[in-house]
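Trainee: I would like to learn how to read a fold from its strands and helices. Please take me through one case.

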Amino acid sequence: KNNTMIKNGNILIIEDDADDKEILEDVIVSLGTTNKIVWKINGAEALEYLCNSNEKMLIIFCDVNMPIMNGLELKRLIDADPVLRKKSIPFVFYSTAATENAIEEAYTTLSIQGFFKKENDFHKTKAIINTVLEYWKNCVHPNT
C-alpha cells in the first residue's frame with residue numbers, strides 16, 4: 001500500500017490559546033508543509049470533529065490544559081471509541097503543562113506518540129515540529 005493518503009492528511013491542532021495556535025501554524029507553514037491545518041479550541045470540539053469527519057488525519061497536536069475537555073480526557077475518549085481507535089491517528093501532546101504527573105499519566109494510561117514541551121524559541125519549535133512531521137510522513141500506517 002502506498003502512504004500518500006496519510007501523508008496528505010490534515011494536521012489537527014487542539015489548542016485554546018489563539019497565540020500558541022498561530023505560532024504552531026506559522027512553524028508548520030514555514031516548514032513548507034502543505035497539509036490542511038484544522039484548529040479546535042478544546043477536546044469536546046475536537047472529538048465532535050473527529051467523529052464526524054471522513055478526512056484523513058496526519059497527526060494531532062494537542063494541548064493538555066483546556067476548558068470544557070482537556071487533552072488527557074480527550075485522548076481517553078478517543079482510545080475508548082473503537083472507530084476512532086482503529087484510525088490510529090498519531091497523537092502528540094504539545095503543551096507548557098509538561099508536569100511529571102501529566103507526562104506519567106499520558107504515557108502509562110493513554111496510547112500517545114509523544115509529549116513535547118512548548119518552547120518560547122521559534123527555531124527550537126521548528127526543529128521539534130519538523131522532526132515529528134517527518135517521522136509520521138515516513139511511517140507505515142494502518143490507515144493508508
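Trainee: Which residue in S4 does Cys 62 stand opposite?

Mentor: Cys 62 stands opposite Phe 93 in S4. Before going on, note that this is a predicted model, in which local features need pLDDT of at least 70, side-chain atom pairs count only at pLDDT 80 or more, and totals for chains, interfaces and linings use all residues. Residues are numbered from 1 along each chain as its sequence is written, and side-chain values use heavy atoms, with hydrogens and water left out.

Trainee: How many bridges join strand S3 to strand S4?

Mentor: Strands of a sheet pair through backbone hydrogen bonds, either parallel or antiparallel. Here 3 bridges join S3 (residues 57-62) to S4 (residues 91-95), and the two run parallel. Two strands pair if DSSP finds at least two bridges between them. Strands (E, at least two residues) and helices (H or I, at least four) are DSSP runs, numbered from the N terminus.

Trainee: What is the strand order of the sheet?

Mentor: The order is S2-S1-S3-S4-S5 in an open sheet of 5 strands, with parallel pairing. Strands S2 (37-40) and S5 (115-117) each have a single partner strand, so one side of each is left without a neighbour in the sheet. On average, neighbouring strands of this sheet are turned by 20 degrees against each other, direction ignored. Axes are lines fitted to C-alpha atoms, for helices over the stretch in contact, and angles run from 0 to 180 degrees between N-to-C directions.

Trainee: Which strands does helix H3 touch?

Mentor: Helix H3 (residues 43-52) packs on the sheet and touches S1 (10-14), S2 and S3; contact means heavy atoms within 4.5 Å. The direction of H3 makes about 155 degrees with that of S1. Helix H4 (residues 71-80) also packs on the sheet, touching S1, S3 and S4, and its direction makes about 175 degrees with that of S4.

Trainee: At what angle do H3 and H4 pack?

Mentor: Two packed helices are described by the angle between their axes and the distance between the axes. For H3 and H4 the angle is about 25 degrees, and the axes are 9 Å apart. The contact is made by Gly 43, Ala 46, Leu 47 and Leu 50 of H3 and by Leu 74, Leu 77 and Ile 78 of H4.

Trainee: How many helices and strands does the protein chain have?

Mentor: The protein chain has 7 helices and 5 strands. Along the sequence they follow the pattern α-β-α-β-α-β-α-α-β-α-β-α. The C-alpha trace spans about 40 × 35 × 25 Å along its principal axes.
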